[in-house]
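Work through the exercises below with the sequence and the structure open beside you. Try each task before you read its solution.

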Amino acid sequence: MTLTAPATAPPAAPPAPPRRRVRPLRVLLHVFLGLVALGWLLPLALSVYASLRPYDETARLGYFSLPEQLTFGYYEQAWTQAELPRYYLNTLIIVIPGVLVTLLLASFTAFAIARLRIPGRRTLLIVFAAGNLLPPQVLITPLYTLYTMVPLPAWLSDSQSLYDSYVGLILVHVAFQFGFCVFVMANFMRTIPEEINEAALVDGAGVWKRYWRLTLPLCRPVLAALGTLQFTWMYNDFLWALVLMSSGDKLPVTSALNNLRGQFFTDYNLLAAGSLLVALPTLIVFQLLHKQFVAGLTLGSTKG
Amino acid sequence: MTSRTRRYSTRDMAVLVVGLGVAIVVNVGVIWGPALASVGLSGTDWSGIGPIEWVGAQNYHDLAAEYPPFWSAVRNNVLWLGFLALIATPFGLFCAVLLDRRLRMSRFYQSALYMPVVLSLAVVGFIAQLVYSSDYGVLNSVTGLTVDWLGDSSINIWVVMVAAAWRHVGYVMVIYLAGLKAVDPALKEAAAIDGADERQTFFRVVFPTLRPVNVIVLVITVIEALRAFDIVYAINRGRNGLELLSVLVTENIVGEASRIGFGSAIAVILLAISVGFIATYLSQMFREER
């Protein structure tokens with residue numbers, strides 16, 4: 001199409017008025033997005049609502065009804081009956097070392113791949129990145145067998161093997177998330193100007209110093225983004241603990257939710273309260289570190 | 001360049017060998033070693049204890065011919081993929097396009113859409129029970145129906161996929177939004193000057209430039225569909241209409257009847273499907289890099 005200047009248009013009326021008018025299309029856009037957003041929040045709002053109402057009330061009236069009585073009793077019950085504090089602690093025992101070791105190992109590997117001209121660095125990067133994309137079930141059977149066969153000293157694991165130990169779970173998280181972090185950090189480190197390294201070389205700085213003192217401090221934004229994302233992923237894990245743990249008292253908090261299910265009868269309001277308590281830390285992290293979280297999600301997909 | 005010719009000191013070499021050595025050992029020992037072992041074990045009838053006997057392709061034959069959950073799992077995985085790829089992903093893209101403009105409350109809309117992404121899939125599974133429960137679930141209360149959404153094996157996979165999509169849309173939206181922000185605004189302006197309307201601008205100008213993002217989203221969608229596990233496991237342990245390949249693998253090793261060879265055969269099928277997509281993904285990523 002070509003630009004045509006209407007001959008009759010008076011010059012005083014430009015096609016785009018500078019003053020903002022309420023455009024019907026914009027209103028429609030807000031209505032649509034608003035409805036979608038509410039629809040998206042609805043299930044969570046619903047579980048908050050359900051968790052505040054006694055079972056016999058919702059059993060009588062259904063979940064979609066006005067409340068007669070609101071109570072925090074279920075939160076208390078979930079907290080004590082499912083022994084949530086202990087499971088939160090289990091999760092922290094797994095997730096904190098998991099995130100730290102992953103970031104440490106991955107950042108060093110990324111440094112070696114991006115900054116040092118080690119032979120085969122491209123192959124290494126491909127192998128590491130591909131490992132992260134495999135569905136866990138592809139390796140879970142041999143891994144389970146391997147874990148039962150590797151002995152650990154009793155002070156490290158009371159099961160005396162990698163199976164059913166915190167170390168084992170941390171190890172699998174590190175190994176699985178490692179590839180993604182290496183990939184993202186190697187991309188990021190390539191964007192750091194080479195001159196910094198050159199100057200350090202002239203000063204005679206060794207590999208470790210160049211990594212720890214010079215490169216890592218510059219990687220803070222990417223470390224923050226990956227840390228947030230990895231915390232959420234490891235926290236939310238369900239599968240690894242299910243397969244590689246057998247003692248109920250060592251399970252992370254996401255798996256402990258099942259303790260709230262009765263053998264014959266499940267109180268869904270209690271389950272809602274428990275689910276929300278379990279979801280709370282990730283929701284808080286998400287609200288506080290919103291920017292880092294989104295940055296982390298998109299790091300792998302766009303050039304870092 | 002100095003770093004190309006510089007020799008590393010002994011200490012430097014030690015740091016490198018330890019650092020990279022640990023990384024490689026962990027990666028091979030926990031990821032690639034077991035993945036390859038799956039391939040080997042899938043040709044045996046090992047039960048976890050006792051001697052390992054080679055049975056060739058027997059497990060694959062049994063899978064296809066004598067194990068009914070296998071075909072329903074394949075069907076469900078394909079449905080899952082189709083649902084995410086044809087409904088959830090385009091919807092995520094649509095929302096991203098709508099949000100990619102100066103809008104008041106944009107931050108609220110975005111937060112709402114990707115809030116489910118931070119939730120554990122297990123929690124999503126539990127929330128789904130509140131909505132879909134046949135006796136007191138909200139869906140039945142609102143619609144006045146008495147459908148057993150999760151118990152009826154002919155429909156439960158659909159409602160579970162809706163729950164999975166709830167999470168997937170936000171993820172896709174975030175990725176596309178980042179991709180759209182990277183599109184050169186001059187392109188859009190040029191199209192507008194040429195008289196293209198918004199729809200034409202998007203489909204003819206913007207969408208083609210999103211190709212790398214599209215490939216990544218496609219692969220993420222496929223991988224998510226293959227990995228799907230937690231939601232169905234939280235709902236009913238993946239039985240009665242909710243069979244998935246990932247669940248079958250787990251079922252065959254956890255529990256009394258440990259059929260490691262058989263479970264591995266299912267895992268190898270997952271591996272075979274995913275490897276092709278992983279290769280696509282990586283070639284896309286590495287092409288960008290050059």
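## Exercise 1: Annotated spans in chain B

Task: Find the spans of chain B that the UniProt record annotates as "transmembrane region", and then describe the chain over residues 78-99 and over residues 155-178.

Solution: We begin with the record, an unreviewed UniProt entry, which places the annotation on residues 12-32, 78-99, 111-132, 155-178 and 260-282 of chain B. Turning to the model, which is a predicted one, we find that residues 78-99 of chain B are 100% helix and 0% strand, with 30 Å between the end C-alpha atoms. For residues 155-178 of chain B the span is 96% helix and 0% strand, and its end C-alpha atoms lie 35 Å apart.

## Exercise 2: Annotated spans in chain A

Task: Carry out the corresponding reading for chain A, taking residues 87-112 and residues 268-289 as examples.

Solution: The unreviewed UniProt entry gives "transmembrane region" for residues 27-52, 87-112, 124-146, 166-186 and 268-289 of chain A. Over residues 87-112 of chain A we find 100% helix and 0% strand, and the end C-alpha atoms are 37 Å apart. Residues 268-289 of chain A are 95% helix and 0% strand, with the end C-alpha atoms 31 Å apart.

## Exercise 3: Where the chains meet, and the core

Task: Describe the contact between chain A and chain B, and then examine the largest nonpolar core.

Solution: We first note that chain A gives 74 residues to the contact and chain B gives 82 residues; the side of chain A divides into 53 nonpolar, 18 polar and 3 charged residues. The largest nonpolar core has 177 residues, and among those with the most contacts inside it are A:Val182, A:Leu244 and B:Met173. Helix α7 (residues 166-190) of chain A gives the most to this core, with 17 residues. Leaving aside residues up to four places away in sequence, B:Met173 touches B:Gly92, B:Cys95, B:Ala96, B:Leu113 and B:Tyr114.

## Exercise 4: Confidence in chain A

Task: Which element of chain A has the lowest mean pLDDT, and which the highest?

Solution: Chain A averages a pLDDT of 83, and 90% of the residues score at least 70. The lowest mean among its elements belongs to helix α8 (residues 195-202) of chain A, at 75, and the highest to helix α4 (residues 84-115) of chain A, at 94. Over residues 1-18 of chain A the pLDDT is below 50, and this stretch has 2 contacts in the model beyond near neighbours in sequence. Where pLDDT is low, predicted coordinates should not be read in detail.

Notes
Residues numbered from 1 in each chain as written. Chains lettered and ligands numbered in written order. Predicted model: local features only at pLDDT ≥ 70, side-chain atom pairs only at ≥ 80, totals over all residues. pLDDT = per-residue confidence, 0-100. Helix = DSSP H or I, 4+ residues; strand = E, 2+ residues; numbered from the N terminus. Contact = placed C-beta atoms within 7 Å. UniProt positions renumbered as here; feature names shortened; annotations may be inferred. Nonpolar A, V, L, I, M, F, W, Y, C, P; charged D, E, K, R; others polar. Core = buried A, V, L, I, M, F, W, Y, C linked by C-beta atoms within 7 Å. Buried ≥ 20, exposed ≤ 12 C-beta atoms within 10 Å, placed from the backbone.
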